[in-house]
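Welcome! Here is a short briefing to read alongside the sequence and the 3D view. Please keep both open as you go.

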Amino acid sequence: MLVVMNTDAAQADISAVIERAESLGLTTHLVRGAERTAIGLTGDLQPVMQDHFIQLAGVQDVVPISKPYKLASREFHPQDTVFDLGGVGVGGDEILIIAGPCSVESRTQLLETAEAVREAGAHALRGGAFKPRTSPYSFQGMGEEGLQILAEARERTGMPVVTEVMEPDKVPLITRYADVLQIGARNMQNFPLLHAVGECQFPVLLKRGISATVDELLMAAEYLLSHGNRRVIVCERGIRSYETSTRNTTDINAIPVMRGRTHLPIFLDPSHATGHWEYVVPIARAAVAAGADGLIVEVHPRPAEALSDGGQSLKPERFAELVRQVRAIAEAVGRRVPEIG
Ligand code: PEP
Ligand code: MN
């Protein structure tokens, strides 16, 4: 439920709404828009009626939120959420490009890749230090040493670092080094992890589960938002289908569908969505044409030697081409890929 205030509502009116909500056992979420303030109410809304609020001074309207996710819904927050990441406004007119290897494999590999993607126009650096691998015999990541290398790359290039967290207990460690926490597809519904990451208040890149619906992804985002964490990006990364030509099937529809349902920034990962480097650039173009707010792309200087996901990793030159092409598409749809200073 959303209590929408008049444009000229006084602070005392807003406080009175909050007090009434709290007396009914509800949690309040203040949304200050450019023109008016609204107060979102969550909790047990069954016994709560519009009449509890509509009579209060300064209240313009009381709107029920029809979706099961509340804080993530566009009904709750009609304007797009925009927040800064490394000087780029995520979710606004600007398109943010995150690039880097699937895994941090060594100091030289990561630093070389970081310099190359920065040079090619990336705004943020990705790299996994704790890897969710299908096989227990595959490379599992460098752990804390990998995080230290990522932090060194940030020092050298100025790019914020995005890295995956797989378990709640690792949140304090990873937040010592990272700027954005990635929740991977396999953990989209790891509820203890969602609580822990929501609580830490760091920006989050939340990836869609391999067989999750759009609404399940938005419900997972709701967990993060319910802790007061507002900086959440939802990321389409392909879903499992009967098609075997590609690793996953890019659900390009999900971009405009989510645009209608949520105010959160929407990204696409063309690397995991396709699983083949040849398809990464076309699907990156398609994502931006469809309205994505950003991309996360795997890049490796020598994909044939990569310890994970080499087959879907771009060489730096091809990534530079991706940035050029995506920039042209962005301009065609009224967006912008900022040049880094
Ligand atoms: C990754 O980003 O390397 C990764 C494992 O992604 P996903 O969780 O989408 O499979
Ligand atoms: Mn990967």
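## The manganese site

Along the chain, the donors of the manganese ion (ligand 2) follow the spacing C-x169-H-x25-E-x10-D. Keep in mind that this is a predicted model.

**Who holds the metal**

- The protein donors of the manganese ion (ligand 2) are Cys102 through SG, His272 through NE2, Glu298 through OE and Asp309 through OD.
- These donors lie 2.0 to 2.4 Å from the manganese ion.
- Is cysteine 102 buried or exposed? Cysteine 102 counts as buried because its relative accessibility is 3%, and buried means under 20%.
- Glutamate 298 is also a buried residue, with a relative accessible area of 0%.
- Aspartate 309 sits in the loop between β14 and α11 (316–332).
- The phi angle of aspartate 309 is near 55°, which is a positive value in a residue other than glycine.

**Ligand 1 and its surroundings**

- How many residues surround ligand 1? There are 13, and the closest are Arg126, Gln182, Ala185, Lys207 and Arg237.
- Look for ligand 1 in the largest pocket.
- In the side chain of glutamine 182, an N or O atom is 2.9 Å from an oxygen atom of ligand 1.
- Arginine 186 has a side-chain N or O atom at 2.9 Å from an oxygen atom of ligand 1.
- For histidine 272, the distance from a side-chain N or O atom to an oxygen atom of ligand 1 is 3.2 Å.
- On its own, ligand 1 has 290 Å² of accessible area, and the protein covers 97% of that.

- Lysine 207 is placed in strand β11.
- Why does lysine 207 count as buried? Its relative accessibility is 3%, and the cut-off for buried is under 20%.
- The side chain of lysine 207 makes a polar contact with the side chain of aspartate 269, at 2.7 Å.

**A loop residue with a positive phi**

- Glutamine 201 is in the loop between α6 (191–200) and β11 (204–207).
- Phi of glutamine 201 is near 70°, a positive value in a residue other than glycine.
- With a relative accessible area of 33%, glutamine 201 is partly exposed.

**Pairs that are separated in sequence**

- Alanine 292 lies in the loop between α10 (277–289) and β14, and it is buried, with a relative accessible area of 0%.
- From C-alpha to C-alpha, alanine 292 and cysteine 235 are 9.2 Å apart in space, and they are 57 residues apart in sequence.
- Lysine 131 is found in the loop between β8 (124–126) and α4 (144–157), and it counts as buried at 7% relative accessibility.
- Lysine 131 and threonine 163 are 32 residues apart along the chain, and 9.6 Å separates their C-alpha atoms.

How values were computed: Residues are numbered from 1 along each chain as its sequence is written. Chains are lettered from A and ligands numbered from 1 in the order in which they are written. This is a predicted model: local features need pLDDT of at least 70, side-chain atom pairs count only at pLDDT 80 or more; totals for chains, interfaces and linings use all residues. Side-chain values use heavy atoms; hydrogens and water are left out. Donors are N, O and S atoms within 2.8 Å of the metal (3.2 Å for Na, K and Ca); water is not among the atoms, so sites may look incomplete. Buried means under 20% relative accessible area, exposed over 50%, partly exposed in between (1.4 Å probe, protein chains only). A residue is near a molecule or strand if one of its heavy atoms lies within 4 Å of it. A polar contact is a pair of N or O atoms within 3.5 Å; within protein, one must be able to donate a hydrogen and the other to accept it, and residues adjacent in sequence count only if both atoms are side-chain atoms. Accessible areas come from the Shrake-Rupley method with a 1.4 Å probe; for residues, only the protein chains shown count as cover. On a 1 Å grid over the protein atoms alone, a cavity is a set of points where a 1.4 Å probe fits but cannot get out, and a pocket is an open set with protein on both sides within 12 Å along at least five of seven lines; lining residues have an atom within 4 Å of a point. A molecule sits in a cavity or pocket if more than half of its atoms lie within 2 Å of its grid points. Helices (H or I, at least four residues) and strands (E, at least two) are DSSP runs, numbered from the N terminus.
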